[in-house]
Amino acid sequence: MSKYRRIARISRAKGLLGEVVAAPVTGFPFLVWEDLRVWVVPPDHRLIRETQVQAVRQSGEMLLLKLAGIDDGATAQRLAGRFLLAAVEDCGDVEEGDEETMLGLRVEDRAHGFIGTVVEEREGLAQTLWVLEGPYGEVLIPAVDEFVRGCDETTLFVDLPKGLVELNR
């Protein structure tokens, strides 16, 4: 029986021809290439469940993917928020020790300034949560592309929705 690894999260559709924008799953570099067989989860009986990556293009920190069987923007949009899985044996030389992590990064919000240091990456049902410890106590923020403005070697720069930091108090 094969084991599978979450390799990317589809954030949205791009264009009219079924291309999707994908982000790496926290903890791993991009593990997506042409002809890779992938599974879409959570499954939806109206969508494809297993497919193949037909094309990959880099777009900043994201990838633009063309998946077999997804031929229009409306269908591609229904994939938003879903994950792509790949068989572990297809993931090449990436080992558990090769994982990238956000642990230890300082988090600076545009409105609040320094809000804490990432002390844990907690897997949720919908997405990963970064657990921060800092001047606001423990703060949980979703690890989603929409909040991240950038990152350097020591700091993650975010633009959090109004009220999110206060919600954690």
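Tutor: This is a predicted model. In it, a network of salt bridges links D44, R46 and R82.

Student: What is the distance between the closest N and O atoms of D44 and R46?

Tutor: They are 3.0 Å apart.

Student: And for D44 with R82?

Tutor: There the closest N and O atoms are 3.4 Å apart. D44 sits in the loop between β3 (37-41) and β4 (50-59), and R82 in the loop between α1 (73-77) and β6 (83-87), so the pair ties together parts that are 38 residues apart in sequence.

Student: Is D44 buried or exposed?

Tutor: D44 counts as buried because its relative accessibility is 13%, under the 20% cut-off. R82 is buried as well, whereas R46 counts as exposed at 56%.

Student: How many salt bridges in the whole structure?

Tutor: Seven. One of them joins R110 to D159, with the closest N and O atoms 3.3 Å apart. R110 lies in the loop between β7 (106-109) and β8 (113-123) and D159 in the loop between β12 (155-158) and α2 (164-167), so this pair ties together parts 49 residues apart in sequence. R110 is exposed at 53%, and D159 is partly exposed at 35%.

Student: Switching to strands. What is the order in the closed barrel?

Tutor: The six strands run β1-β2-β5-β4-β3-β6, with antiparallel pairing. Neighbouring strands of this sheet are turned by 45 degrees against each other on average, direction ignored. Within it, β1 (residues 4-14) and β2 (residues 19-24) pair over six bridges, and A13 stands opposite V20 in β2.

Student: What joins β9 to β10?

Tutor: A hairpin, through two residues. The two strands run antiparallel and share six bridges; V131 has L140 in β10 as its bridge partner.

Technical notes. Residues numbered from 1 in each chain as written. Predicted model: local features only at pLDDT ≥ 70, side-chain atom pairs only at ≥ 80, totals over all residues. Heavy atoms only, no water. Pairing = 2+ DSSP bridges. Helix = DSSP H or I, 4+ residues; strand = E, 2+ residues; numbered from the N terminus. Axes fitted to C-alpha atoms, helices over the stretch in contact; angles between N-to-C directions. Salt bridge = Lys/Arg side-chain N within 4 Å of Asp/Glu carboxyl O. Buried < 20%, exposed > 50% of the residue type's maximum accessible area, 1.4 Å probe, protein only.
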